[in-house]
Amino acid sequence: MTETFDPVLQTTGLTRSFEQGGQTIQVLRGVDLAIARGEIVALLGPSGSGKSTLLQAVGLLEGGFGGSIRIAGAEAAQLDSHARTIVRRDTLGFVYQFHHLLPDFTALENVVLPQLVAGAERPAADDRAASLLTALGLGHRLTHRPSQLSGGEQQRVAVARALANQPALVLADEPTGNLDEATADVVLGEFLRLVRHEGTAALIATHNERLAEKMDRVVRLHEGHLE
């Protein structure tokens, strides 16, 4: 019996252009991409190649894109604002180069909050947050605020927050780009290990070839097309 490929993310003919100085600049020129459930894919490309634009598209963070975006089997490109918010909350997780943690909340609370927004009960949210943070080596830092954590620790909290609602797909934009090389290696290793343990798919944008080699597959963005 032949297995059916059931991608968690599939884009077909994805385009994006911007008007600048009276000219139309084509950033994405018909991107076709499919990511299987549980697969970790590195998105490589130099600065300015459109990696962030592609992540914004599949993360449903802004409009103005052409083509098809299917997330967990459902067409998402034409959803209204409210429906996009629901998909982002329930299906997607995000990790950015800068952690964007809430400064007045502890590490635990930063991971609890998205769960409460999604309707989780507080005891279950606390348990889930503590479990994720402990898996990332932060079991002894649960009550610390971001200002009391190192850069690597802050980014680990951001990773735990992205996984808090058990998303089908995590999107990461240069998640270790703000860390020194040694810390970046450690954080990325823990990130990949936890993503694999959770069974979540991931699309991770980076310009670092060495880090990309640690992932399941590499795709390259060049002049608006994936190679």
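This is a predicted model: local features need pLDDT of at least 70, side-chain atom pairs count only at pLDDT 80 or more; totals for chains, interfaces and linings use all residues.
Residues are numbered from 1 along each chain as its sequence is written, and side-chain values use heavy atoms, without hydrogens and water. Local features need pLDDT of at least 70 and side-chain atom pairs pLDDT 80 or more, while totals for chains, interfaces and linings use all residues.

The largest pocket holds about 350 Å³ of space. A pocket is an open set of points on a 1 Å grid over the protein atoms alone where a 1.4 Å probe fits, with protein on both sides within 12 Å along at least five of seven lines; lining residues have an atom within 4 Å of a point. The volume is the space filled by probe spheres set on the points. Of the 15 lining residues, Arg 88, Arg 89, Leu 92, Phe 94 and Pro 114 lie nearest the centre. Helix H2 (81–91), strand S6 (92–95), helix H3 (107–117) and helix H5 (151–163) each give two or more residues to this lining; helices (H or I, at least four residues) and strands (E, at least two) are DSSP runs.

Phe 94 also forms a stacked aromatic pair with Tyr 96, at 6.3 Å centre to centre and 5° between the planes (ring centres within 6.5 Å; stacked under 30 degrees). The table gives relative accessible areas (buried under 20%, exposed over 50%, partly exposed in between; 1.4 Å probe, protein chains only).

| Residue | Relative accessible area | Class |
|---|---|---|
| Phe 94 | 16% | buried |
| Tyr 96 | 31% | partly exposed |
| Glu 190 | 17% | buried |

Glu 190 belongs to helix H6 (residues 181–198). Leaving aside residues up to four places away in sequence, Glu 190 touches Leu 136 and Arg 156 (heavy atoms within 4.5 Å).

How values were computed:
Rings of Phe, Tyr and Trp (its six-membered ring) pair if their centres lie within 6.5 Å; planes under 30 degrees apart count as stacked, over 60 as edge-to-face and the rest as tilted.
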